[in-house]
Amino acid sequence: MSATTDTSSEMPGGRFAARHRFQTRYIYIGLLIAFLAFITLFPLGMLVYGSFHTGSPSSPESVVSLDGYRAVFSAGNLEILWNTLYIAGVKSVFSLLIAAFLAWIVARTDTPMRGLLEVLITLPFFIPPILTAMAWSLLGNAQTGPINMLWRSLTGSSEPLIDVYSTGGVIWHMMQYAIPFMFLFLVESFRRMDPSLEEASRMCGASRMRTLRGITLRLMIPVMATVFTLSFIRGMESFESPLFFGTPAGVRVVATEIYNAINQDFTPNYQFATAIAIVVMGLMLLLLLAQRAIIGGRNYQTVSGKGYRPGVMALGRWRWATFAFCLLFFFLSVVLPVGQLFIGSFYKYIGFYDTKFLTLEHYRNVFENRAMWDSVLNTMILGLGGATLTMLLGSMVAYISIRTRWHGRRLIDFMAWLPWLMPGIVLGVGFLWAFAYLPGPITIYGTLWALLLAYIAICMPLGVNAMSTAFVQLSVDLEECSRVHGASFLQTMSRILIALAWPSFAIGWLLCFFVVMRELSASVLLYSVGNEVMSVEMLKLWENGRAEEVCVLSMFMILLVVAFRGIQIFVTARRTKLTQ
Amino acid sequence: MANVVIENLSRDFGSFRAVDSLNLNIESGRFVTLLGPSGCGKTTTLRMLAGLVKNTEGRITIGDTVVSDASRGLFVPPEGRNLGMVFQSYAIWPHMTVFENVAYPLSIRRVPKATIREKVAAALEIVEMGHLANRPAPDLSGGQQQRVAIARALVFEPRVLLLDEPLSNLDARLRLQMGDEFRVLQQRLGITTVYVTHDQSEAMALSDDVVLMNSGRILQNSAPREMYLQPKSRDVATFFGAPNFIELTVQKATPRPEGDFTLDVAGAGGRGHCLSAFDPGEGGTVTVMLRPENFEILVPGEETQGMAWEGVVKSVTFRGQTQTVVVDTGAMELNIEAGPLVELNVGDQIHVGAALSAAWAVRDA
Ligand SMILES: Nc1ncnc2c1ncn2[C@@H]1O[C@H](COP(=O)(O)OP(=O)(O)OP(=O)(O)O)[C@@H](O)[C@H]1O
Ligand SMILES: [Mg+2]
């Protein structure tokens, strides 16, 4: 048969083949639904079950009770919820102010080297939080931290300048991630705004400042509200920041409370952990609904029709001030912590920076440490496997929810997005029980599979999002053409869509890889001895007081981050070139 | 209302000169259109008037104030110039209602609330949008947004109104209607208006004066009729349609009371009279422009004041409103747009002529 021959439905064979394909397609979809349910609904179900029971499903004396929720809402523990909301709120407000300012500088002023600044400002987002948390623990220590030592020697004061072990420290550490995250959204929307909206205001007699206040920022309100909500939710989930800076100072938040209830208490208190997890997820959902209700459909169409260059404001001499401000952020969020780790890796003892203590001993120790290399290997395996599987599944989900009219697509989409509302630590607890009480002979708990499945769940929303945007842009004709010519559902998917959407696939893949590499909160609950991943191994070393070796491992991780980020920027640049 | 004087206005983008030493004098209350092909510098010129682009050379005076003078480093920013502007994308602020959009320039000027209400109502009445004052701006159609943009630009009684292709986002029918309405409005208010377009018929229909630009320079600045019938150069002539150009020899030049000349010309298989802005001298050659739509088909033996040819029909394309006829006169071919009523066939012997006012000698530059 030539390629142009249609699969004629008049031929008996053709009709049979069509029905046959119809069925295989539903088998694939059925498998997909089952898998998604297993990695999302099942752990969620276990969480709900756990929060209403005093014991595990297999324990005979387990009874239904509301003790978990009673404990969450007891006077002493309400403080946990309040702290969580307070920290998330304060950091979101400050981050939004700074991120909006940075985005405005990069998108709308003639500040020098804006392209470079953009790359630098977004870089901290890609550095695993555990690294910067460790670095700041060293940097901002009230007694021994170099910042405070320098402060004391400069001012002669006996008081420290900063103490990272405080609520402020938690907030500051979160901000280093929230600012680049918000910046990414805001800079794009500053750029796409039709400049004539602002010019019209100038023509109406408004000064630059008045225009910025009355028009530009007002137009940005919907976007800002959206990023604020996202950042708030991320703040409620954040694990590393409160673990490193809150717990030592007695600042209790939900994520660390769950961790402590399961890992640190003598007998794990599952009921309390699951109940507070459910409560915090409920709060997040409320927040999202509130944001939807307030912003609603107010997504202003401010994108200009004509591909016009956005108006860039000439700042005169001030442009060096804005330039310095951007660099300052990069300095504080990347140079300082990475520099600390770098220096720390070459000294015998951190804090004693004398040339006679310079050594490569830690590098030697790390390279000779088998456990360490095993963890690196595990992270690589899980990163490659997790990112690939997530992107494949995410492509299917995105395809089904965007390109088909099938009724079940809402369920699939919902399940794929569900982990987005489940903080890593919560997902970890859910999986812990889900795997432990898995019926049948399959053992997942205690193997790498446990981590792999958790990572797939965590990355799924990301993967679906990356592929959805790509599929929306692709023309329908292409794929219909292929299907008319007799390609099966799976063949069409893989050949046409992945082939054409590969840049999105690649970028999504890299993002997933980043997520896996930095993931700590779920891993720390799901790893088992012999199956450590890098982040867990580092946490263990850190807790054993081997900060110098952690620094060495950090350097390795940062090299990876820079390499992957470079590839990502390259691919994105090529994609924009392709679509223009 | 104010007049506008532009002297030696230039704008460089790097080494590229987008606008090149422009001189233009716009009298108070006139409707002037900047017309020209894409990229010729119309928008740049308008934005320099507005103060949205800084001129690299030259001086702009509006009324009795100099708003920009590059040699003195003087530059008044847009908000200090008191000019109304209508943008191609309308630039209606989506976070405001129609009323708030129009009230904005007044509240910037700290006009009392009650006065704002009156003036906005009056401005919206002018553009027939009074009933939609409380609509959120995103719910408006293109034509309605256009009206709001005009109301917003007029409400604070600016000295000059600037418009950059305001009709180009509308469909063809609405474009004609809005154009006519706007012209009536402008004449009623008597506001000095500078209008940018690349649509020649729009420019002709709306303006008192058309300024034809190319590569950052002015080719011609005159009333539409003159621009069309008496172009200064061959380039201007070809910008409006595809005229016939015929090389002829001058036999005699007679000055006319209007200040131009009647030329007796001959050659290319005919003789007759044409008009000219200059006297090329006896025996000199001129290029005579004849627009296809200005020919008439004569009955044999009929005389004209202008020029006439005998020829054979070479091809006929019937288009409905007109028919395109190519006539072979032996020495050359003439392109003619004839009315639909005359029946013509290939090979017919015909007699075609052009009135004196339809034959115009152009300079080659
Ligand atoms: N900010 C700028 N930077 C560089 N070149 C510019 C800039 N603005 C305009 N130009 C160039 O100046 C020339 C004139 O542009 P302008 O926008 O004035 O053209 P126009 O006559 O309005 O054309 P159109 O009919 O397409 O709107 C163009 O070649 C354009 O590319
Ligand atoms: Mg233009």
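1. The area buried between chain A and chain B comes to about 2000 Å², with carbon and sulfur atoms giving 62%; buried area here is the accessible area (1.4 Å probe) that two parts lose on being put together, summed over both. On the chain A side, A:Arg202, A:Met203 and A:Cys204 lose the most area to chain B, together 34% of what that side buries.

2. This is a predicted model, in which local features need pLDDT of at least 70 and side-chain atom pairs count only at pLDDT 80 or more, while totals for chains, interfaces and linings use all residues. Residues are numbered from 1 along each chain as its sequence is written, and side-chain values use heavy atoms, with hydrogens and water left out.

3. Contact (heavy atoms within 4.5 Å) links 23 residues of chain A with 25 residues of chain B. Two salt bridges are found across this interface, the criterion being a side-chain nitrogen of Lys or Arg within 4 Å of a carboxyl oxygen of Asp or Glu. A:Arg202 forms a salt bridge with B:Glu79, and the closest N and O atoms are 2.7 Å apart.

4. Strand β3 (residues 31-35) of chain B runs parallel to β9 (residues 192-197) of chain B, and five bridges join them; B:Thr33 has B:Tyr195 as its bridge partner in β9(B).

Conventions
Chains lettered and ligands numbered in written order. Pairing = 2+ DSSP bridges. Helix = DSSP H or I, 4+ residues; strand = E, 2+ residues; numbered from the N terminus.
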